[in-house]
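Subject: The structure we talked about

Hi there,

Have a look at the picture before you read on.

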Amino acid sequence: MTKAKETEMAIGKITPKQFKESIIKHLNSTFGTDINKASKKAWWNATSAALNEFVYDRLSQTQKTHFEKDTRAVHYFSLEFLMGRLTGNNLHNLGLFETAKKALTELDIDINTLVDEEEDMALGNGGLGRLAACFIDSLATMELPAIGYGIHYEHGLFRQEFKDGHQIERPDSWREYGNPFEIRRPESIQDIPVYGYVETKFNDAGKVVKEWHPGRIIKGVPWDVPVVGYSGKTVNVLRLWESRATNFFNWDVFNSGGYHDAHKENVESETISKVLYPNDETDAGKELRLIQQYFFCACSLKDIIRRYKRAHADDWSNFSAQVAVQLNDTHPAIAIPELMRILVDRADMDWDQAWKICRETFSYTNHTLLPEALEKWSVRLFEKVLPRHLEIIYEINRRFLESEVDAKWPGDNAIKSKLSIIEEGHERMVRMGNLSVIGSNKVNGVAEVHSALVKSDLFPEFNALWTDKFTNVTNGVTPRRWLKACNPALSKLIDKTVGDQWPTNQEILRDLDKKADDAKFQKAYMDIKHENKVALTKVIKELTDVDVDPSAIFDIQIKRLHEYKRQHLNLLHIMALYRRLLQNPTMDMVPRVFIFGAKAAPGYKLAKDIIYAINKVADKVNNDERIGGKLKVVFLPNYRVSLAEKMIPAADVSEQISTAGKEASGTGNMKLALNGAITIGTLDGANIEIAEEVGEENVVIFGLTVDEVKALKKQGYNPWDYYYGNEEIKAVLDWFDTDYFTPGKPGELSSIKNSFLDGGDPYLCLADFESYSEGQKEIEAKYKDKKGWARSAILNTAYMGKFNSDRSIQDYVDRIWKLKSCTVK
Ligand code: 8GP
């Protein structure tokens, strides 16, 4: 049976006419309007409600089956889930997209306009959060029992605007007018303690016990977002916790005239789920952040235990056989001492037995090696917010150092202090990375090279202690969202060529290689690329008022703004190209549009300066008639999942130019290559594996390798050598000090030049510049060979099977979770 057929059976047959009737019914009886006066939002709401009829049915079937079969499940703990929009995704996964499209067309509504009504669910910053979203899509698609746990932020990642080229942050109010894809579950509310003190006392049996007297209780209200697997058979949930005050209103205080005081506790409690921290790869280090982490972990563990007890009562012996918890980075590491607290203090379990359960339950994924991202909390703060957890951490640490470390390195205090969860120093700190490794059963990095560096550079002693603990799971992306839904024309061409089974078995795309040299197929493939570029051209015009030519090379860099990702290396090269054009306006050059999308953390000054510089260079270049439109630069504001879905299908070139050793994996690199963009990249993260899979002749690799970066740093890197050694670099850097791009305001861009020179160029942009510039020439030469380019693009689509999130999830299942799929009737 084909997948399409199975889907049809799973959700029951529904005709466009029936779907249309359902939409009208919801318009009338759910939203109190009618087809004559419904707003766009009302149409979208009614369509979502019609769609949800199928979702809820499958959701309860799934939950019933998992309960009856008492399945082992994985619980994905993540502070971030960058879901994007759900309407189109859920329609596709249920096999209802075409049906809905027809139904809406009959109602004179364009489905693409309709789905644009949905705000992105931007409960994440970047790679880590989007990976979590791809993973829960795969888990449901592969019919694996799984729950995502996170925070129901009232405001997701800020909305970015540009004002005179500067980034301005505005609040994101994604659910201001409600959101049809979440269900509040008041029946599963949890009470969470924080602050207070610990009392040591004797219990009736004369044993020393600890009692935590919390200073405050916060209420956790769960919201469930259904996660619809492709084919719609399994619908798992993403459970997100909203914080509320327990004493909703303090009437005593209110009656005595203290209105503000009465509100105070309310406000403080609700602040916890108010807003997502907008930092990507940096540590916020704030009290509220620690409370956020504890709040969602504690709610989730209570929820898991409540569910476990329904089937197993007070028998804990099966707990770790039933429950796997994956810690998405160290952010949820506090779950480890929390489970210990529940087992030892509440369930009265003996320490060793509790510790065994903990270690069997948790696993930890590391997503970055950047030191500024490795979380540490001051002992002082811990003592204030989570006093009992601090004691438990001390005890975990004492036992670990005295038994395991001392057995391996007897008397070696240097190693002990390195592996200790507590960092001694001026301010004593709790190292969440060490806690995560010590309390987990497996630790994984997210691409081969990254996992190797986790072992060799980040945790070498831990690796010596437990070699089997460390493993790799290379990231992946869901082809349902990142090809089928976002690139419908290419998907149809693929369906026609290799059949329609590829969304659940991406290896099938490999068969496209037979068509890579077929002139007719090449034309069809490149025509679609062109149409996607035309569509993006309109978006660019709308967002920036810049006209770009769809026959130019669309060269795209989309990712968070960070020095290590080197958007400023891209900028240096753009300025060099511009300069070459000014010196030689008749220079033979394929017109190129450089397209950026990136948000900078609000407190990251240099990142914001880079955005400003790109915008200023763009203004100048785009309006300079001397260069005859050969070069355009656009920075699209408010980069987010839904904008990525419009940009990726239109990309010719994918910029993956991080300093080698810094980008753990990257996932945008995978989405772009899957949609036929040619990568220009360093040998970093998953780029290395992409090059292996698609073939070195179908990517352009440049720059220093991980080992060369290390060697250069060791030998002493001096950016001034490149400044004085390369006339073009010098000229471009000096340009930043002038007012050429900021008329009347010289020096506005100097911070960028300074970062390269006085700042020491920590990410080696100058060292890699020449090689990058050569790489860009290679891109251009390749592009001129139309047939060769089409072949490479097709082979990129064909050979990306490995980077499918279903494969990643299968690796997690095999190497870490040992989970079995479960068919839902
Ligand atoms: C990112 C990595 O930078 C990226 O290479 C990788 O593909 C992605 O994780 C998924 O594994 N890391 C983060 O987004 C990250 O560390 N963010 C945390 C601070 C929020």
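How many bridges join strand 4 (residues 146–151) to strand 12, and do the two run parallel or antiparallel? Five bridges join them, and the strands run parallel. Here "strand" means a DSSP run of E with at least two residues, "helix" means a DSSP run of H or I with at least four residues, and both are numbered from the N terminus. Two strands count as paired if DSSP finds at least two bridges between them.

Before going further, two notes on the model. It is predicted, so local features need pLDDT of at least 70 and side-chain atom pairs count only at pLDDT 80 or more, while totals for chains, interfaces and linings use all residues. Residues are numbered from 1 along each chain as its sequence is written.

**Around strand 12**

Gly 150 stands opposite Leu 240 in strand 12. Strand 12 also pairs with strand 11 (residues 216–228), this time in the antiparallel sense and over eleven bridges. In that pairing, Asp 224 has Arg 239 of strand 12 as its bridge partner. Strands 11 and 12 form a hairpin with six residues between them, and Ser 231 in the turn has a positive phi of about 90°. Because nine of the eleven residues of strand 12 (residues 235–245) are buried, strand 12 is largely enclosed by the rest of the structure. A residue is buried if 20 or more other C-beta atoms lie within 10 Å of its own, exposed if 12 or fewer do, and partly exposed in between, with C-beta atoms placed from the backbone.

Helix 17 (residues 432–439) is largely enclosed too, because eight of its eight residues are buried. Among them are Met 432, Leu 435, Val 437 and Ile 438.

Six strands form an open sheet in the order 22-21-20-23-24-25, with parallel pairing. Strand 22 (631–635) and strand 25 (700–701) are the edge strands, each pairing on one side only. Strand 20 (residues 553–558) and strand 21 (residues 592–597) run parallel and are joined by six bridges. Phe 554 stands opposite Val 593 in strand 21.

Where does the ligand lie? Both domain 1 and domain 2 give residues to the shell around the ligand, so the ligand lies between them. Of the 19 residues around the ligand, Gly 127, Leu 128, His 367, Ala 664 and Ser 665 come nearest; a residue counts as near if its C-beta atom, placed from the backbone, lies within 6 Å. The shell divides into five nonpolar, ten polar and four charged residues. Ala, Val, Leu, Ile, Met, Phe, Trp, Tyr, Cys and Pro count as nonpolar, Asp, Glu, Lys and Arg as charged, and the others, Gly among them, as polar.

Arg 130 lies in helix 7. With 26 C-beta neighbours inside 10 Å, Arg 130 counts as buried. Leaving out residues up to four places away in sequence, Arg 130 touches Leu 82, Gly 124, Val 641 and Thr 667.

**The nonpolar core**

The largest nonpolar core has 236 residues, of which Ile 136, Phe 295, Ala 335, Ile 614 and Val 617 touch the most other members. Such a core is a set of buried Ala, Val, Leu, Ile, Met, Phe, Trp, Tyr and Cys residues joined through C-beta atoms within 7 Å. Helix 10 (residues 287–312) gives the largest share of this core, ten residues. Domain 1 and domain 2 each supply at least three residues to this core.

Enjoy exploring!

Best wishes

Notes. Domains from an automatic or database assignment. Contact = placed C-beta atoms within 7 Å.
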